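Please look over the sequence and the structure shown below before reading on. The report after them takes up a few selected topics.

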Amino acid sequence: MATIDVHSHTSTQHDDHGHEHEHHHGNFWTNYVFSEDHKVIAKQFLITGMAWALIGGVLSVLFRLQLGFPDADLSWLRPILGGWLTPEGKIDPEFYLALVTMHGTIMVFFVLTAGLSGTFSNFLIPLQVGARDMASGFMNMLSYWFFFASSVVMFTSLFISTGPASGGWVIYPPLSALPQAMQGSGLGMTLWLVAMALFIVSSLLGGINYITTVINLRTKGMSFTKLPLTIWAFFFTAIIGVLSFPVLFAAALLLIFDRSFGTSFYLSDIYIGGEALPNQGGSPILFQHLFWFLGHPEVYIVLLPALGITSEIIATNSRKPIFGYKAMVGSMLFIAILSFVVWAHHMFVTGMNPFLGSIFTLLTLIIAVPSAVKIFNYVTTLWKGNIRFTAAMLFSIGLVSFFLTGGITGIFLGNSAIDIQLHDTYFVVAHFHLVMGSASFFGMVAGVYHWFPKMFGRMMDEKLGYIHFWLTFVGVYLVFFPMHYIGIAGFPRRYYSWTNFETFSGFADLNMLVSAAAILTLTAQFIFLFNFIYSIFRGKVAPANPWNANTLEWTTPRHPGHGNWPGEIPTVYRWPYDYSKPGAKEDFIPQHIPYSETPESNLPHENELVKLEMNDGAIIVEDKKHH
Amino acid sequence: MSLIIGLGVVLVLAILYLIFRIGNLVGLVKGREEESTSWNSVNAYLLMLFMILGLIGFFWYSFVHFDSYNLPVASEHGEVTDYLFWVTMAVTVVAFVLIFIAMFWFTFKYRYEVGRKAVFFADDHKLEIVWTVVPAIVLALLIFSGLRAWNDITGPASKDAVVIELIGQQFLWTARYPGTKDKQLGKHNYKMIDASNEFGLDLSDKNTFDDFKSLELHLPKGQEVQLMIRAKDVLHSVFLPHFRLKMDAVPGMHTTFKFVATKSTADMRAETGNPNFNYEMACTEICGRGHFSMRFPVFVHDSVEDYEKWMASQEAWLKQNPEYLQRVPAELREAAIIKAGIPADSKEAILATPVTVTLN
């Protein structure tokens, strides 16, 4: 085998290494561990995020085993799960709730917030706006290490004897406030709160950095109207995060007070464990308001970066400009603003004043309009393109498909009258797993396939990417589509088993299908994992611009060093979507190519700009107002 | 045994790895360009196949298995929300199918071809205005019909509505009925809860005397019912799937839901052809270990008279727990004995009645 290996290496005549390490000035610790380089921090976020995704995925398969194969003997898992299995080899009901809770927490926060924004905002913002690094490298480093600390605490909570937090990822009090209500509300909940506090610090440090960098460190000529949609998405995401995470922090703090210092923010009139608690006057609904004031924007914190990433990938691989750039930016802005005024649609039947329900129904369905516009724009971008199905492109198409399928069910749930029946059933589970979970996950994976060459200087294997895509795409639909039916039939979520009810006695077949598909989908992720690790070391060497893309990151060398560009930072002259421009020699014109070099493809108003390019070197009229 | 399985797994993985490596090398020899174009077509065809099979599967299952996922509806407002649900379904399925087909058709039709150039089509204001305004109008229509229904459902209950209290606790439900004499629920206070007084009845309120407890939710058919919902310990949620009714039970506050049942249990048994059919109530807010087991049986009487007959047959809580007469203020005890229907010659009644009365 060894000879063949050597042969494969020489025959592709890759590896221009030997020079690629000269930009590293520090030692191992400062270069790879406590690095202030945005690219290294991005990779740290990515790899931590992938580890979390794996854990979150395994947890989901565990509880799917219980739901799909309720009679199965899981004793073979005893070496791992120990006391969490009942003597008959079934998952303990309380552990089931812990699994559901931790799956949600991990996926929403640790994978799709930190893993997605942390990776791609860090990696792409400086590279695409033309900056040497983040505004504050030190804060950026702190952001990762706070996240790491948070991860350690959350991970530890999985192993304590009373189990991790188990009251659902929304941790509604009083359940989460009273250790006597369930085991997981003891130490596990404390650790959850500590971990989330650290997480919020991390998220704020990162977010402030992203905002500052986008505003202040754009290269010459990079006006806001020339920003790639990825950057717009990261920019809005960071703003949403900075405005909403502090509210979760406040909610968590008050919960800590209620738990440990005898306050009654959320507690009132409780009789539990044979005694009446002294707390009076608090309201559990208050917590729900505070939680969802973050919780709903959080949906868009998770989703917008994925939409940004796929906008870029779909345009590049359709070889077409993204359709309606301004509408795309506008709809993201609109979504970002509206995301703050729809939170109570999670609370229609919690006892909130029904008048509020009317208001939030109205606002919620308004937010469907910009989302619809985005879908139409994606589809139109595909129209009359010349589509290359790279793995990244397939995952992006998958995202649009999920966003459509899951988004449409939002119209049911946002309507308070219809939500009465569907609230907290599997219909909701299907809805949000498609529209935010799977869609964002696909955005993240698409991003990895697309920017892997820039991250690691090598290509990922495309064919493994195809297999990964098809298994995951079909798998995800098989997992979540049947849940709509189960939900319409009224099956409540977070149920360990439905056999107590005649009403919910059916659908053993669908539940088995869902569980089998979940196992298949998780298994397919190992193909990705293999591809990822293998390609870091042995992938085909990447050219500087493997996808013939327009954005600035592809003007850097194969291994961008600290500071990203060896010489001067390129100046930007045009928007990032000049693909297949009529008259142009090639089907793409990168952002740093001045109009004066492309007279054959310039539009009339662009010819005007040529003169300005000549006059003052680079800066274009509309850019002046930004400086 | 597990060692052999482990070794087997390792072996299989090693073989897969070798196949992958060899495939890569063969690819290098053959040249990549041509191959990537043919893979491109494979993916385009697969996307098409996915779209067709996906839509067929969706429509097939939705029609063939309609009865298995569509719960029969048994309340007045439920018929309204079901109608809204299916109208929304019709509108969204049309939109979904059109967009779904368009998207996958475009990916197929415009798959990569050497030498073809994509069309530079960056924006079109007319088109964009159309697909902003059209969804906005459709959504507005859906919203307003939804809001009207919502306002009706959440509006105040009528004065002659039957009031029933539902109390959630880990991990069971109880129902409290106001009793036939005063038709008023008596006051309660969570600090008065103990092993027997599970409602926390405040016995200084004379309305509590004839309140009774039920471990089954009994409802009249055709008359408005107002559920008063509360929880003792953590959040719970009342869910009556056939009545399209859901409302959280919150410690420290009352929530309510009013509705009219349109089909009695007997009606439903006839409709479904299942002689053992029973309505059920479930909990839909995570409340701890036994969340999934909080089943509460529901029985809908054929008529209001039937229901009242059942009401009359129930014993007041105070009658079942006559020792609590001691907690009733002395001046109200006699009224309590009468109202609760406690036999005047029972031990507790005699003990509770003021001595002066017996001397006379």
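## Model and numbering

This is a predicted model, in which local features need pLDDT of at least 70, side-chain atom pairs count only at pLDDT 80 or more, and totals for chains, interfaces and linings use all residues. Residues are numbered from 1 along each chain as its sequence is written, while chains are lettered from A and ligands numbered from 1 in the order in which they are written.

## Where chain B touches chain A

In chain B, 87 residues are in contact with 96 residues of chain A, two residues being in contact if their C-beta atoms, placed from the backbone, lie within 7 Å. The elements of chain B that give two or more residues to this side include α1 (2–30), α2 (32–64), α4 (76–109) and β9 (279–283), and the largest share, 15 residues, comes from α5(B). Helices (H or I, at least four residues) and strands (E, at least two) are DSSP runs, numbered from the N terminus.

By class, this side of chain B has 48 nonpolar, 23 polar and 16 charged residues. Here Ala, Val, Leu, Ile, Met, Phe, Trp, Tyr, Cys and Pro count as nonpolar, Asp, Glu, Lys and Arg as charged, and the others, Gly among them, as polar.

## Two packed helices in chain A

Helix α5 (residues 93–129) and helix α14 (residues 426–456) of chain A pack at an angle of about 30°, with their axes 11 Å apart; axes are lines fitted to C-alpha atoms, for helices over the stretch in contact, and angles run from 0 to 180 degrees between N-to-C directions. The residues that make the contact include L112(A) and F120(A) of α5(A), together with F441(A) and W451(A) of α14(A), and the contact residues divide into nine nonpolar, four polar and no charged.

## Domains of chain B

Chain B is divided into domain 1 (35–111) and domain 2 (163–203 + 213–310), with bounds that come from an automatic or database domain assignment. The centres of domain 1 and domain 2 of chain B, taken over C-alpha atoms, are separated by 38 Å, and the contact takes 10 residues from domain 1 and 13 residues from domain 2.

## A residue in a loop

F507(A) is found in the loop between α15 (462–488) and α16 (508–538) of chain A. Leaving aside its neighbours within four places in sequence, F507(A) is in contact with I486(A) and A489(A). F507(A) is buried, with 21 other C-beta atoms within 10 Å, where buried means 20 or more, exposed 12 or fewer, and partly exposed in between, for C-beta atoms placed from the backbone.
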